[in-house]
Amino acid sequence: MAEIVYPPVLRTALTAFKLLDLRFRMEGTERIPRSGGAVLVSNHVSYLDFIFAGFAAYPAGRLVRFMAKKEVFDHPVSGPLMRGMHHIPVDRSAGAGAYDAAVRALKDGEIIGNFAEATISRSFTVKEIKSGPIRMAAEAGVPVIPLALWGGQRLWTKGRPRRLLQRHVPITILVGEPMRPGPDDDIAALTGDLRRRMTDLLDEAQRTYPDQRRGVWWQPAHLGGTAPTPEEAAALDAAARPRRE
């Protein structure tokens, strides 16, 4: 497919990273295949995760097609960009169409990006995840690659003001070992395994992060931060759900 929009958007993002002196630590990017389909599954801590997860594939020379909620495509600014980059809209009330489109793209050799938690984690831990990434990979015959992102929440996340011009922020991107689900495998068991892998990667990213201050909002509670606990975060999400709907 023609790539008119994605390359200049990527160049703009890379220029912004350089101007802001974002301090990247990237490990495991050699696990991103240089050809063929794959499902890239990331945790979700910020509104910028699409950019950082896509950046994980940059060393392999790949472009990631993300599955994102339909409302993003309806926006007058982000919509044309998302369509131009050939991302996949997800209507949460009727997700079968997005699932089928993703499987077709995987079979055509694309990398599909997925945030299996569905929404940003307010607790900055890995929430329960959907089985879709495992099912798609099994049907398309491609690997699932877990990914952990950390640091982007300091720039822009749910319930906090945007600080997009903040400089020198460390950003950690860790790519895990691929999983290769088959059509006869236990989907629920593999989904649980994927969540454990994502949790382990995120834990490593958090514990080795260059800035280890305690008592800050962007640290999870179990590491001394003031972010909500998973239970508190679940209550906040439940309270916000009727307003969102």
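This is a predicted model: local features need pLDDT of at least 70, side-chain atom pairs count only at pLDDT 80 or more; totals for chains, interfaces and linings use all residues.
Contact here means heavy atoms within 4.5 Å of each other, and in that sense His-87, leaving aside its neighbours within four places in sequence, is in contact with Tyr-6, Val-64, Arg-65, Phe-66, Phe-73 and Met-82.

**Helices H1 and H2**

- The axes of helix H1, which spans residues 6-20, and helix H2, which spans residues 49-56, come within 11 Å and cross at roughly 100 degrees.
- Because angles from 65 to 115 degrees count as roughly perpendicular, H1 and H2 are roughly perpendicular to each other.
- On the H1 side the contact is made by Ala-13, Leu-14 and Phe-17, and these meet Ile-51, Phe-52 and Phe-55 of H2; the residues of this contact divide into 6 nonpolar, no polar and no charged.
- An α-helix has 3.6 residues a turn, so residues three or four places apart point the same way.

**Helix H6**

- Helix H6, residues 132-140, is largely enclosed by the rest of the structure, because 7 of its 9 residues are buried.
- The buried residues of H6 are Gly-132, Pro-133, Ile-134, Met-136, Ala-137, Ala-138 and Ala-140.
- These buried residues pack against strand S2 (38-42), strand S3 (64-69), strand S5 (111-114) and strand S6 (144-150), and also against helix H5 (96-107) and helix H7 (187-207).
- After H6 comes Gly-141, whose phi is positive, near 70 degrees.

**The loop between H4 and S4, and strand S4**

- His-86 has its place in the loop between H4 and S4, and its phi is near 60 degrees, a positive value in a residue other than glycine.
- With a relative accessibility of 27%, His-86 counts as partly exposed, since that class lies between the 20% limit for buried and the 50% limit for exposed.
- His-87 lies in the loop between helix H4 (78-84) and strand S4 (88-90), and His-87 is buried, with a relative accessible area of 10%.
- Val-90 lies in strand S4 and counts as buried at 19% relative accessibility, because the cut-off for buried is under 20%.
- Leaving aside its neighbours within four places in sequence, Val-90 is in contact with Met-67, Ala-68, Lys-69, Lys-70 and Ala-98.
- Between Val-90 and Pro-178 there are 25 Å in space, C-alpha to C-alpha, and the two are 88 residues apart in sequence.

**Phe-124 in the loop between S5 and H6**

- Phe-124 has its place in the loop between S5 and H6, where its phi is near 60 degrees, a positive value in a residue other than glycine.
- Phe-124 is buried, with a relative accessible area of 3%.

**The second largest pocket**

- The volume of the second largest pocket is about 180 Å³, and of the 13 residues that line this pocket the closest to its centre are Arg-122, Lys-158, Gly-159, Arg-160 and Pro-228.
- By residue class, the lining of the second largest pocket divides into 6 nonpolar, 4 polar and 3 charged, with Gly counted among the polar residues and Lys and Arg among the charged.

Note on methods: Residues are numbered from 1 along each chain as its sequence is written. Side-chain values use heavy atoms; hydrogens and water are left out. Axes are lines fitted to C-alpha atoms, for helices over the stretch in contact, and angles run from 0 to 180 degrees between N-to-C directions. Helices (H or I, at least four residues) and strands (E, at least two) are DSSP runs, numbered from the N terminus. Angles under 35 degrees count as roughly parallel, over 145 as roughly antiparallel, 65 to 115 as roughly perpendicular and the rest as oblique. Buried means under 20% relative accessible area, exposed over 50%, partly exposed in between (1.4 Å probe, protein chains only). On a 1 Å grid over the protein atoms alone, a cavity is a set of points where a 1.4 Å probe fits but cannot get out, and a pocket is an open set with protein on both sides within 12 Å along at least five of seven lines; lining residues have an atom within 4 Å of a point. Grid points are joined across faces, edges and corners, and a volume is the space filled by probe spheres set on the points.
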